[in-house]
Amino acid sequence: MQTLKIGTRGSPLALAQAHETRARLMQAHGLPEQAFEVVAISTSGDRIQDRPLSEAGGKGLFTKEIEEALLDGRIDIAVHSSKDMPTVLPDGLELVTFLPREDARDAFIGKRVKRIADLPHGAVVGSSSLRRQALLRRMRPDFEVVIFRGNVQTRLRKLDEGVAEGTILAYAGLKRLGLEHVVTELMALEEFPPAPGQGAIGIETRVGDREVEKMLAAIHHVPTGQALACERAFLAALDGSCRTPIAGHATVAGEKLSFAGLIISPDGTQSHELRLEAEAADAVEIGLDAARTVRARAGAEFFDGWA
């Protein structure tokens, strides 16, 4: 094929992920950099900064324009942060390739203290994620949690400007940007479970594009794909979006898959979590079973008012 066009958002992190994808394809197929073109596309999610995503339209705001370019042929593949991907994709598109997952933990960045536990009573903490906000309130009900929108650099700048005394970001993104040094505390997975898909790069293609599928097969990481299949099934069964505080994390060791899932009320006062282990080949069914179980435990009233 001619030049493979790689679509991505234009943020530094999104570009770093697109460049990682390009580098892996170059190595897998012995191709020069000139065989690929990274196409940066502005999305609604990037442009809307004045309100939470839950009010603006959810995760699809970060993918809509990129998926339109994929469908009409302006790009050949789309590279995404998997946690930003809606569980339902447009007709004609599929998400079947995942790169090896980075560290899925969240990272706390403190301005004056290193640990969340050391923040003073009533401290202001910034986050744009309902999941992180709810988990923060569960840990410390005294916190004042404010909305932090924008890319990683924007959020770090807000911290420097004194908008908040701390913030929480995905450790994977900070590592990909070479910003590990700003982290003051890594959050334990058990105490602060990540969003489904966190730390994993997903690649979206057109259904039936066999030439592209063949190229991508060489860089697909099977264990990450199995873990993400489980997490996304859990999310989909719970109707997960930016309006629902849901955490889910799967790990694969050999033929076994372990999954931990959590749903939590936005104010952090109520939560239900579970752990399951089964065959990795049954990843989707594990996610669905986990969703059914946690929904039954919580009861229908638990979800009232989420959307």
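Predicted model: local features only at pLDDT ≥ 70, side-chain atom pairs only at ≥ 80, totals over all residues.

User: Why is Ala298 called buried?

Analyst: The cut-off for buried is under 20% relative accessible area. Ala298 has 9%, so it counts as buried.

User: What does Ala298 touch, leaving out residues up to four places away in sequence?

Analyst: Its contacts are Ile263, His272 and Phe303. Val39 is another story: Ala298 and Val39 are 259 residues apart along the chain, and their C-alpha atoms are separated by 44 Å.

User: Now Gly7. Where is it, and how do you know whether it's buried or exposed?

Analyst: Gly7 is in strand β1. Buried means under 20%, and Gly7 has a relative accessible area of 0%, so buried it is.

User: Which residues does Gly7 touch, not counting those up to four places away in sequence?

Analyst: Val39, Ile66, Ile75, Ile77, Ala78 and Val79. What makes these contacts is having heavy atoms within 4.5 Å. As for Asn151, it is 144 residues from Gly7 in sequence, and the C-alpha to C-alpha distance is 18 Å.

User: And Leu13: why does that one count as buried?

Analyst: The line is drawn at under 20%, so Leu13 counts as buried. Leaving out residues up to four places away in sequence, Leu13 touches Gly173, Arg176 and Leu177. Leu13 and Ser81 are 68 residues apart in sequence, with 9.2 Å between their C-alpha atoms.

User: What makes the buried residues of α8 line one face of the helix?

Analyst: Helix α8 runs over residues 210-217, and its buried residues are Val212, Met215 and Leu216. Looking down the axis of α8, those buried residues fall within an arc of 95°, so they line one face. On the other side of α8 you find Arg210, Lys214 and Ala217, which are exposed.

User: What covers the buried residues of α8?

Analyst: The cover includes strands β1 (4-8), β2 (36-40), β3 (77-81), β4 (93-98) and β10 (201-206), along with helix α1 (12-29).

User: Where does Asp142 lie, and what does it touch?

Analyst: Asp142 is in the loop between α5 (130-139) and β7 (144-146). Apart from residues up to four places away in sequence, Asp142 touches Pro120, His121, Gly122 and Ala123. Asp142 and Ala218 are 76 residues apart in sequence and 49 Å apart in space, C-alpha to C-alpha.

User: Zooming out, how do you know how compact the chain is?

Analyst: The chain has 10 helices and 13 strands. Its radius of gyration is 19 Å, close to the 19 Å that the globule rule gives for 307 residues, so the chain is as compact as a globular protein of that length. The C-alpha atoms fill a box of roughly 60 × 45 × 35 Å along the principal axes.

User: How much of the chain counts as buried, and what share of its contacts joins residues at least 24 apart?

Analyst: Of the 307 residues, 52% count as buried. Taking contacts between residues at least 6 apart in sequence, 69% join residues at least 24 apart.

User: And what about surface and charge?

Analyst: The accessible surface comes to about 13,400 Å², with 49% of it belonging to carbon and sulfur atoms. There are 37 positive and 43 negative side chains, and the centres of the two sets lie 3 Å apart.

Methods:
Residues numbered from 1 in each chain as written. Heavy atoms only, no water. Buried < 20%, exposed > 50% of the residue type's maximum accessible area, 1.4 Å probe, protein only. Helix = DSSP H or I, 4+ residues; strand = E, 2+ residues; numbered from the N terminus. Arc of directions from axis to C-beta. Rg over C-alpha atoms; globule rule 2.2 N^0.38 Å. Areas by Shrake-Rupley, 256 points an atom, 1.4 Å probe, with all protein chains shown as cover. Lys, Arg positive; Asp, Glu negative; His and termini not counted. Charge placed at Lys NZ, Arg CZ, Asp CG, Glu CD.
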